[in-house]
Each structure stands twice: as structure tokens, then as C-alpha cells.
Amino acid sequence: MAVVMRLSRGGSKKRPYYRIVVADKRSPRDGKYLEQIGMYNPLLAKDDEGRVKVDTDRAKYWLGVGAQPSDRVARFLDAEGLYERAARNNPKKAEPGEKAKEREEERKEKAAAAEEAAKEAAAAPAEEAPAEEAVETEAEAVPAEEAKEEASAAEETQEETPAEEKAEG
């Protein structure tokens, strides 16, 4: 018979309360158990003494007989100094998934392509810039003169409009 030390849930909905029990591995979580060796109330503050209570003598006995503690119970027993729990390390825990990696690669490729295009665009106009500047200055001169003429014509029409309104009124 395989014996385990685990939590058995009690309490009402959204108000959990656990017993630390020693039970047959095949029995249901909240079912029949061999012995209750402690309790755990997760609703209490972490520094509260009543959060976890363990009968250390009975826990030592059951560990000596070969009972295997669950992960959570092993943490409690480790805090009491009864059981040496090996620290776990999961280096892949924070690593993004496959699709996230693919999206990141696509972003990098797009950024690299945009950078290449920007470099090419910066290099090409630098070579042709003097010829374009000459054309632009000639083209800018003509619209500038036309703009001045249009502005003066617009001012004349604005001056006439108020006078006409006064004459009509």
C-alpha cells in the first residue's frame, strides 16, 4: 500500500480550508484518510502562526515509514525542518512559446528590411541631390511668384466685400 501525505480540502465555496492528512494513494482527495497530521488555512496572512500547523512527531513517524509528501506538503515540512525538499528550477518557464518566437522573428525581419530601405534611400538621394536641388529652386521660384499674385488678388476681393455689404445695408 502506497501512503502519501497530502492536502484534503474542506470549507465552503471560495473559503478553502485544508487538512494535512496521511492517506492511501488510491483514495480520493477528500475521501478516507489514515490520520490527520495538521491543517492549512490559506486565507490567513503568510506570517500568521495559525496558517500552517503540523504535528511534527506524527509527520516524522510517517516520513520514517515511507510516506511520500505532495509538493505543497513537502514545502510545509521543509519550513518545519522535517523534510529536505530539493529546489526546483525551470529555465524554460519564462521563455515565450513557438508562435511568439515566430512573431518576433517576423518583426525583426521587417525592421531589418525597413533599415535597409532607409539606408538605400539615404544613399541614393545623396548622390543625386545637387541636380534635384537646382530643379527644385527653379520650380519653387515660379509658384512663389504665383502665390504672391494670388494673395494680393485675394486681399483686393476681401477689401471689396465689406464695402459692398455696407452699401447694400
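1. Glu98, Glu102, Glu105, Glu106 and Glu109 form a negative surface patch. Patch members have over 30% relative accessible area and no salt bridge, with like charges joined within 9 Å; areas come from the Shrake-Rupley method with a 1.4 Å probe, and only the protein chains shown count as cover for residues. A salt bridge is a side-chain nitrogen of Lys or Arg within 4 Å of a carboxyl oxygen of Asp or Glu. Asp and Glu count as negative, and the charge of Glu is placed at CD. Of these residues, Glu105 belongs to helix H3 (residues 98-168).

2. On the basis of the note: this is a predicted model, in which local features need pLDDT of at least 70 and side-chain atom pairs count only at pLDDT 80 or more, while totals for chains, interfaces and linings use all residues. Residues are numbered from 1 along each chain as its sequence is written, and side-chain values use heavy atoms, with hydrogens and water left out.

3. The sheet is open and consists of five strands in the order E4-E3-E2-E1-E5, with mixed pairing. E4 (52-54) and E5 stand at the edges with a single partner strand each, so one side of each lacks a neighbour in the sheet. Helices (H or I, at least four residues) and strands (E, at least two) are DSSP runs numbered from the N terminus, and two strands pair if DSSP finds at least two bridges between them.

4. Strands E1 (residues 3-12) and E2 (residues 15-24) are antiparallel partners, joined over 10 bridges. Val3 is placed opposite Asp24 of E2. The two strands make a hairpin with two residues between them, and Lys14 in the turn has a positive phi of about 60 degrees.

5. E1 also pairs with E5 (residues 68-69), here in parallel, through two bridges. Met5 has Pro69 of E5 as its bridge partner.

6. E2 and E3 run antiparallel and are joined by five bridges; Val22 is partnered by Glu35 in E3. E3 and E4 are likewise antiparallel, over three bridges. In E4, Lys53 is the bridge partner of Met39, and Val54 that of Gly38.

7. The whole structure contains three aromatic pairs. In one of them, the ring centres of Tyr40 and Phe76 are 4.7 Å apart and the planes stand at 50 degrees, so the pair is tilted. Tyr40 lies in strand E3 (residues 35-40) and Phe76 in helix H2 (residues 71-80), so the pair ties together parts 36 residues apart in sequence. Rings of Phe, Tyr and Trp (its six-membered ring) pair if their centres lie within 6.5 Å; planes under 30 degrees apart count as stacked, over 60 as edge-to-face and the rest as tilted.

Note on methods. Patch = residues over 30% accessible without salt bridge, like charges linked within 9 Å, V, L, I, M, F, W, Y side chains within 5 Å.
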